[in-house]
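Thanks for coming. I have one model to go through, so let me put it on the screen and then start with a single residue.

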Amino acid sequence: MKLSNILKLSVVVVILHSCATTKLAEEGNKAYHSGNHETALTKYDQVIESKESSGKRAKAAVYAKAGQAALALEQTDKARKYLETARGLQYSSPELYSGLASIYKTIDNLSKEITALETYRKKYPEGEEIEAINARLLETYVESENWDYALDLWPSIEAQAQSDVDMLANYLIVNKNLENTTTSEKLAQKIYELDPDNIAFLEYYAEKYFWLAENLYVKEMNAYKNNRTRSQYNKLLKALDKVWPNYQKSRDLFLKLYKINPKPEYAEYLARIYTRYKDEKKAAYYEKRAR
């Protein structure tokens, strides 16, 4: 066969191959937009395999849609591979970053999830999913203890958060850890109005009353040990009139929290409170559960 004929045949093969992959991509798009993710993914897989077998890449949009279809089918590994490939090919869309964020949350890669959420906010501040992105980003900052990042984020999401008790609760956790007492008190009151049984709210006041009692108890007991006079003793008695009600409030709140979720840290607080009450049996009970 002459060289020219071979070249012509090669061109024909390339054209036919291109037409076939184009048709598959179109079929994939049709299935994708109709919500038939299984068929869409099958078609996209064929396009991608065909391209990659010849050392090339499919179009970025094909990888992106294939990733979204795989995500809808809960095929996490494939979804991640395709969406990351699309991103590497400079493809960008709100769905790409929300999809990646969802995947990274599923596989518990918090740092990559935060990056995907932050990128969504930066590129698509008016995106359809922006409220969910905002709420989750605040939550990830709390999970990673990035208190200052949460503070910087808050002004841009505060309006949204006013009716979202979970966002308010997360911001309460931020301010509690930063010891912003005034802001924490305002947030706690707002949360109480929306959900008096909110865990963050209950924890805040359980810890608040405990430390009010504990700090005063230790201070006045030490003062009396160092100066055993009648006037100092009377001062101790007055202080204890404030201490015991706060211990009781703290105890009741921690008992409520422990009933909801028997966390060791709740048990530790209860053990310390019952030690102050000189209730050795209950103190020992909660000490065992705090380990």
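**Notes on a predicted model**

Threonine 140 sits in helix α7, residues 130–143; helices here are DSSP runs of H or I with at least four residues, strands are runs of E with at least two, and both are numbered from the N terminus. This is a predicted model, in which local features need pLDDT of at least 70, side-chain atom pairs count only at pLDDT 80 or more, and totals for chains, interfaces and linings use all residues. Residues are numbered from 1 along each chain as its sequence is written, and side-chain values use heavy atoms, with hydrogens and water left out.

Is threonine 140 buried or exposed? Its relative accessible area is 0%, so threonine 140 is buried; the cut-offs are under 20% for buried, over 50% for exposed and partly exposed in between, with a 1.4 Å probe and protein chains only. Leaving aside residues up to four places away in sequence, threonine 140 touches Leu110, Glu113, Ile114 and Leu117, where contact means heavy atoms within 4.5 Å.

For contrast, take aspartate 241, in helix α12, residues 230–260. Aspartate 241 counts as exposed because its relative accessibility is 59%. From glutamate 145, aspartate 241 is 96 residues away in sequence and 37 Å away in space, C-alpha to C-alpha.

Next, helix α2, residues 37–53. This helix has 17 residues and spans 24 Å from first C-alpha to last, close to the 24 Å expected; the expected span is 1.5 Å times one less than the number of residues. Its buried residues are Ala40, Leu41, Tyr44, Asp45, Val47, Ile48 and Ser50. Just after α2, glycine 55 takes a positive phi of about 80°.

Now the largest pocket. It holds about 280 Å³ of space. A pocket is an open set of points on a 1 Å grid over the protein atoms alone, with protein on both sides within 12 Å along at least five of seven lines, and lining residues have an atom within 4 Å of a point. Which helix gives the largest share of the lining? That is α9, with 6 residues. The lining has 13 residues, and Ala169, Asn170, Ile173, Ala200 and Glu203 lie nearest the centre of the pocket.

Last, confidence. The chain averages a pLDDT of 93, and 93% of the residues score at least 70; pLDDT is the predictor's confidence in each residue, from 0 to 100. Over residues 6–17 the pLDDT is below 50, and this stretch has 2 contacts in the model beyond near neighbours in sequence. Where pLDDT is low, predicted coordinates should not be read in detail.

Methods: 1 Å grid on protein atoms, 1.4 Å probe; cavity = no way out; pocket = protein on both sides within 12 Å on 5 of 7 lines; lining within 4 Å. Points joined across faces, edges and corners; volume = space filled by probe spheres on them.
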